[in-house]
Amino acid sequence: MTTQAATHREPDVFAIAHEADLIRVRKVLRAEAEAVGLNLVDATKLITAGSELARNILNYATGRRGRISVEQVYRSDRRGVRATFSDDGPGIEDIDAALTDGFSTRGSLGLGLPGARRLVDDMTLTSDAGSGTTVVIVKWQR
Amino acid sequence: MTEDVVPVMRIGDTLLVALQGDLDDTTVMAIEEQLTREIADTSASGMLIDVSRLGVVDTFIARVLARIVAMVRLLGAQAAVVGIQPAVAITLVELGVPMGHLDTALNAEQGLALLERLRRNDTGAGWL
């Protein structure tokens with residue numbers, strides 16, 4: 001998405017290091033979704049995707065910590081929410097596998113990453129072994 | 001450890017639990033433990049889990065809900081999840097969470113009727 005521009009506002013940035021931060025992530029995403037006028041279904045999808053990605057950080061990142069940055073974005077006449085989740089963890093060895101339904105190294109449902117991708121309009125995942133993982137999701141207003 | 005995290009109401013032979021608020025994982029697991037214990041302690045024959053006030057159900061919460069229903073069944077009772085919000089239902093389907101095996105109803109009233117049917121079927125099967 002090349003035409004998107006961040007707002008003049010500073011993005012919300014905070015650490016994801018405790019379980020309570022899951023709730024904070026949902027709250028911030030809900031507030032931004034409402035601010036840009038996402039409908040209830042789209043807001044719910046965005047918040048749920050964010051909840052999955054935040055839990056991934058708590059489950060997989062080194063020291064179980066990472067960061068989230070949330071901002072409003074614009075593209076022509078549409079507004080959206082962009083959330084960037086990053087950690088300095090071990091990285092994802094096999095990104096294709098991690099994005100496949102049912103793949104899990106932890107006995108979970110293995111739906112976190114592929115499920116989150118289905119819930120948003122755009123998701124990019126970058127990861128290099130040893131240098132952490134960054135996942136960016138965007139949800140646009142309809 | 002045995003602290004109650006959610007209020008449980010009893011209607012006849014059925015326990016009614018309304019989940020609400022924003023649930024973190026520890027709370028969800030404490031709820032699971034409490035509800036399983038309540039079924040064992042009260043010998044109730046059914047449980048309705050009302051999720052109409054949950055605005056978000058992610059894969060973790062969904063998985064624990066399914067687990068609670070499975071455990072209630074193992075204890076010889078029936079359980080149903082009622083009141084899933086439309087936006088949450090759409091999200092769960094798109095997430096790909098397998099919920100098809102769960103007994104669900106639109107609201108608590110229909111949930112009670114569903115439990116009644118399930119109990120009757122149970123008895124019937126026992127005679128075969």
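User: Which strands of chain B does helix H1 lie across, and how does its direction compare with that of E2(B)?

Analyst: This is a predicted model. Helix H1 of chain B, residues 25-42, lies across E1, E2 and E3 of chain B. Strand E2 covers 14-20, and H1(B) runs at about 165° to E2(B).

User: Which strands does helix H2 of chain B touch?

Analyst: Helix H2, residues 59-74 of chain B, packs on the sheet and touches E3 and E4 of chain B. The direction of H2(B) makes about 155° with that of E4(B).

User: Now the sheet itself. In what order do the strands of chain B stand?

Analyst: Read the order across the sheet, then the sense of pairing. In chain B the order is E1-E2-E3-E4-E5. Five strands form an open sheet, and the pairing is mixed.

User: Which strands stand at the edges?

Analyst: Strand E1 (8-11) and strand E5 (104-105) of chain B. Each has a single partner strand, so one side of each is left without a neighbour in the sheet.

User: In which sense do E3(B) and E4(B) pair, parallel or antiparallel?

Analyst: Parallel, over five bridges. Strand E3 of chain B spans residues 46-53, and strand E4 of chain B spans residues 78-82.

User: How many residues does each chain give to the whole contact?

Analyst: Chain A gives 21 residues and chain B gives 18 residues. On the side of chain A, helix H1 (20-36), helix H2 (40-60) and H4 each give two or more. H2(A) has the largest share, nine residues. The classes on that side are nine nonpolar, five polar and seven charged.

User: What confidence scores go with this?

Analyst: The model scores ipTM 0.88 and pTM 0.89. Chain B has a mean pLDDT of 90, with 93% of its residues at 70 or more. Among the elements of chain B, E3(B) has the highest mean pLDDT (97), and helix H4 (residues 108-127) has the lowest (81).

Methods. Residues are numbered from 1 along each chain as its sequence is written. Chains are lettered from A and ligands numbered from 1 in the order in which they are written. This is a predicted model: local features need pLDDT of at least 70, side-chain atom pairs count only at pLDDT 80 or more; totals for chains, interfaces and linings use all residues. Two residues are in contact if their C-beta atoms, placed from the backbone, lie within 7 Å. Helices (H or I, at least four residues) and strands (E, at least two) are DSSP runs, numbered from the N terminus. Ala, Val, Leu, Ile, Met, Phe, Trp, Tyr, Cys and Pro count as nonpolar, Asp, Glu, Lys and Arg as charged, and the others, Gly among them, as polar. Two strands pair if DSSP finds at least two bridges between them. Axes are lines fitted to C-alpha atoms, for helices over the stretch in contact, and angles run from 0 to 180 degrees between N-to-C directions. pLDDT is the predictor's confidence in each residue, from 0 to 100.
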